[in-house]
Amino acid sequence: MTVRPDQLSDPAVRAFVVAVNAGDRTAFDAALAPGATMSDDGSDRDLADWSDREIFATRGHMDVESEVDGGRSLVVRYRNDAWGEMRTAWRFTVEDGRIARFDTGQA
């Protein structure tokens, strides 16, 4: 069973997931705070480069299995054209209604 994106508790995380699933780079960027950062499997990455490769160029999609911590921690079945589908964990830091940092990796 999945959690529909429009039912996610945190508005910033909701906007992030909706943007990823729509392939909407403009909405994705709008969900992020200026200077936002991220990590993948414990290593900091360049957010613009990573999101281009892992989301937008490869049709990334998030099916949320569960949320905790007020919607700021998700377990997701993430898929894209490069890696197929994998179970991932996503943790978000939200400041002033926008995502300042997210950390993702295999769950």
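In the predicted model, serine 73 is buried, because its relative accessible area of 17% falls under the 20% limit. Serine 73 sits in strand E4, which covers residues 73-80. Beyond its neighbours within four places in sequence, serine 73 is in contact with Ser66, Glu67, Val68, Trp90 and Arg91.

Trp90 also belongs to an aromatic cluster. Ring pairs join Trp90 there with Phe16, Phe28, Trp50, Phe56, Tyr78, Phe92 and Phe102. Across the whole structure, 11 aromatic pairs were found.

Salt bridges were searched in the same way, and 14 were found in the whole structure. One of them pairs arginine 101 with aspartate 44, with the closest N and O atoms 2.7 Å apart. Arginine 101 lies in strand E6 (residues 98-106) and aspartate 44 in strand E2 (residues 43-45), so this bridge ties together parts 57 residues apart in sequence. Arginine 101 is partly exposed at 21% relative accessibility. Aspartate 44 is exposed at 58%.

A further salt bridge joins the side chains of arginine 59 and aspartate 81, at 2.8 Å from N to O. Both partners are in loops: arginine 59 between helix H3 (47-56) and strand E3 (61-68), aspartate 81 between E4 and strand E5 (84-95). They are 22 residues apart. Arginine 59 and aspartate 81 are both exposed.

Aspartate 63 is buried at 18% relative accessibility, whereas arginine 77 is partly exposed at 25%. Both residues belong to a salt-bridge network that also includes Glu65, Arg79, Glu85 and Arg87.

Conventions. Residues are numbered from 1 along each chain as its sequence is written. This is a predicted model: local features need pLDDT of at least 70, side-chain atom pairs count only at pLDDT 80 or more; totals for chains, interfaces and linings use all residues. Side-chain values use heavy atoms; hydrogens and water are left out. Rings of Phe, Tyr and Trp (its six-membered ring) pair if their centres lie within 6.5 Å; planes under 30 degrees apart count as stacked, over 60 as edge-to-face and the rest as tilted. Helices (H or I, at least four residues) and strands (E, at least two) are DSSP runs, numbered from the N terminus. Buried means under 20% relative accessible area, exposed over 50%, partly exposed in between (1.4 Å probe, protein chains only). Contact means heavy atoms within 4.5 Å. A salt bridge is a side-chain nitrogen of Lys or Arg within 4 Å of a carboxyl oxygen of Asp or Glu.
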